[in-house]
Amino acid sequence: MRRREFGKASLGAFAATALSKSTSAEQPTSGEQFPKTAGLTKYVGTFVTQTKYEDIPGDVIDLGKKSILDGLGLALAGSRAESGSISRKYVEQAGVGNGKATVIGTGLRTSPQFAALLNGISIHADDFDDTQLAAAKDRVYGLLMHPTVPVLPAILALAEQHKVSGKEWMLAYHVGAEVECKIAEAIAPRHYQDGFHTTGTCGPFGSAAACAKLLKFDLAQTLNSFGLAASQSGGLRENFGTMTKPFQAGRAAESGLVSAQLAGLGWTAAEQILEAERGFFHAAGGSYDPSAILDRLRKPWTFASPGVSLKPYPSGSLTHPAMTELARLIGANDIQGTQVEKVDIGANHNMTTTLLHHQPKTGLEAKFSVEFCLAILLLERKAGLGQFSDKVVQRADVQEMIGKINFYVDPEAESAGFDKMTSLLKVHLKSGKVIIGRADFAKGSPANPMSFEETATKFRGCAEFAEWPKEKTERIVTFVKALEGASDMGAVSPLLSSEGHK
């Protein structure tokens with residue numbers, strides 16, 4: 001079959017042409033016509049093929065380094081999760097445990113495909129990874145994408161097979177993250193509200209874009225990668241609080257990589273997979289907003305605005321404003337758990353339905369339980385990786401404190417907009433005193449960002465949790481901090497492997 005050829009028109013020209021053909025510049029409401037935006041997928045593919053490292057602003061490069069370091073630390077910590085152990089057994093039983101790609105935090109090597117899957121599972125295992133923020137008020141803040149997990153594992157595995165520089169690798173990382181985040185912004189809100197897990201559904205596009213960039217694909221190969229990735233899109237919110245949530249993230253990384261590998265061999269797929277009436281946006285969301293993606297890639301970069309948040313706690317991002325504020329109130333007022341009569345926590349309805357485990361019994365359920373997250377802070381004044389375990393969650397004192405947390409929909413939080421995580425706290429003490437607090441954003445958000453050194457502190461904590469050698473830990477921090485100067489990304493792999501541990 002002869003491959004279709006494309007001209008070398010500029011990225012802006014593709015966007016202008018597609019915009020002129022769109023029947024709607026805004027997302028249609030119920031009953032309106034599905035947008036007809038010919039050339040949308042081609043515009044996205046052209047962005048992938050034409051973007052250069054020099055197109056990425058320095059502040060975006062620096063923000064990306066923090067997310068990359070964060071992701072590597074989470075892969076180390078997540079390798080210790082039960083899901084990590086089970087997934088490695090699966091790979092070994094499948095007979096693919098003798099490849100060249102590193103499974104982070106272990107001495108195991110496998111194929112790039114399975115390394116992407118396993119490392120993606122590990123990065124998301126503790127629900128501690130970075131989160132894309134919403135730009136529109138009808139989008140739920142913090143629930144669009146976990147941008148690093150679909151991209152980093154895929155291109156890290158490829159970098160062990162193809163020598164690439166730090167600049168080439170960071171270019172692929174940012175291109176992939178930008179594509180998946182803009183797709184997540186564009187798709188109709190019902191996609192998430194009706195149950196899809198956006199990291200699992202939009203993530204394969206990010207992984208495919210990053211791999212296509214790293215492999216230096218032309219436009220036709222890139223479009224075929226997208227078409228195949230779309231057919232592997234999947235993930236459901238009902239699985240939040242189980243091992244299947246991180247599986248969905250790992251599968252996104254794997255799917256994009258497999259799509260690119262097959263496209264590189266000549267595999268074909270639909271070239272208009274995003275905008276077609278039988279394509280991704282229509283099938284998965286019912287509609288989309290063309291103005292959220294057309295002529296919007298790198299205008300601005302998502303890392304720059306609305307930004308990406310780094311998590312201060314290993315739980316769902318919607319718990320973090322309340323946790324950040326409660327931790328502040330505990331310190332400022334020296335609140336002891338024994339003094340607490342009850343705690344009221346008001347939020348919008350998207351938060352109460354997403355943080356769905358109101359009486360958690362496992363560490364995984366606790367990650368999506370604001371009741372547990374506040375209870376453990378009141379009892380232990382910390383909520384780290386060691387607190388989110390079945391044993392801690394099931395303790396009698398923890399369960400008793402959970403029963404004192406009243407989580408409800410508050411009209412004030414509802415009216416603040418879904419682009420915020422407004423959390424209204426009232427801590428009722430047995431003495432009759434009521435301590436009040438409010439937070440819209442958490443530590444680690446663009447409004448209250450982590451510095452590189454604060455991110456490195458989080459990384460060191462994850463490495464320590466994984467019992468990683470301090471010498472390797474510090475060398476990873478140094479490597480990422482100067483990533484643009486790396487001549488071979490493969491140099492980081494031995495630092496992430498337990499091979500050679502004394």
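Partly exposed residues are those with a relative accessible area between the buried limit of under 20% and the exposed limit of over 50%. The legends below describe close-up views of a predicted model.

**View 1. The salt bridge between Arg395 and Asp397.**
The side chains of Arg395 and Asp397 form a salt bridge, with N and O 3.0 Å apart. Arg395 has a relative accessible area of 27%, so this residue is partly exposed. Asp397, at 32%, is also in the partly exposed class. A search of the whole structure gives 25 salt bridges, and the pair of Arg395 and Asp397 is a salt bridge of this kind.

**View 2. Arg109, Glu160 and Glu499 in a network of salt bridges.**
Salt bridges link Arg109, Glu160 and Glu499 into a network. Within this group, the side chains of Glu499 and Arg109 meet at 3.4 Å, N to O. The relative accessible area of Arg109 is 22%, which makes the residue partly exposed. Glu499 is partly exposed as well, at 40% relative accessibility.

**View 3. The salt bridge between Lys443 and Glu454.**
Lys443 and Glu454 are joined by a salt bridge in which the closest N and O atoms are 3.4 Å apart. Lys443 sits in the loop between strand S8 (434-439) and helix H21 (452-465), and Glu454 sits in helix H21, so the pair ties together parts 11 residues apart in sequence. Lys443 is partly exposed, with 24% relative accessible area. For Glu454 the relative accessibility is 34%, and this residue too counts as partly exposed.

**View 4. Packing of helix H6 against helix H11.**
Helix H6 (residues 148-159) packs on helix H11 (residues 244-264) with the axes 8 Å apart and an angle of about 50° between them. At this angle H6 is oblique to H11. The crossing of the two helices is right-handed. On the H6 side the contact is made by Val149, Pro150, Pro153, Ala154 and Leu158. H11 contributes Ala249, Ala252, Ala253 and Leu257.

**View 5. Thr46 in helix H2.**
Thr46 is part of helix H2, which spans residues 40-50. Its relative accessible area is 2%, so Thr46 is buried. The side chain of Thr46 reaches the backbone oxygen of Lys42, at a distance of 2.7 Å.

**View 6. The surroundings of Ala366.**
Ala366 is located in helix H16 (residues 363-366). With 0% relative accessibility, Ala366 counts as buried. Leaving aside residues up to four places away in sequence, Ala366 touches Pro360, Phe372, Cys373, Phe388 and Val393. The C-alpha atoms of Ala366 and Gln387 are 9.5 Å apart in space, and the two residues are 21 positions apart in sequence.

Lys299 and Pro300 are joined by a cis peptide bond, with omega about -5°. Pro300 falls in the loop between helix H12 (280-285) and helix H13 (303-307). A cis peptide bond also runs from Ser305 to Pro306, where omega is near 5°. Pro306 is placed in helix H13.

**View 7. Asp295, a loop residue with positive phi.**
Asp295 is a residue other than glycine with a positive phi, near 55°. The residue lies in the loop between H12 and H13. This is the loop that holds Pro300. Asp295 is partly exposed, at 28% relative accessible area.

**View 8. Arg381, a loop residue with positive phi.**
In Arg381, which is not a glycine, phi takes a positive value near 60°. Arg381 is found in the loop between helix H17 (370-380) and helix H18 (390-393). Its relative accessibility is 43%, so Arg381 counts as partly exposed.

Conventions
Residues are numbered from 1 along each chain as its sequence is written. This is a predicted model: local features need pLDDT of at least 70, side-chain atom pairs count only at pLDDT 80 or more; totals for chains, interfaces and linings use all residues. Side-chain values use heavy atoms; hydrogens and water are left out. A salt bridge is a side-chain nitrogen of Lys or Arg within 4 Å of a carboxyl oxygen of Asp or Glu. Buried means under 20% relative accessible area, exposed over 50%, partly exposed in between (1.4 Å probe, protein chains only). Helices (H or I, at least four residues) and strands (E, at least two) are DSSP runs, numbered from the N terminus. A polar contact is a pair of N or O atoms within 3.5 Å; within protein, one must be able to donate a hydrogen and the other to accept it, and residues adjacent in sequence count only if both atoms are side-chain atoms. Contact means heavy atoms within 4.5 Å. Axes are lines fitted to C-alpha atoms, for helices over the stretch in contact, and angles run from 0 to 180 degrees between N-to-C directions. Angles under 35 degrees count as roughly parallel, over 145 as roughly antiparallel, 65 to 115 as roughly perpendicular and the rest as oblique. A crossing is left-handed if the near helix is turned anticlockwise from the far one by less than a right angle, and right-handed if clockwise.
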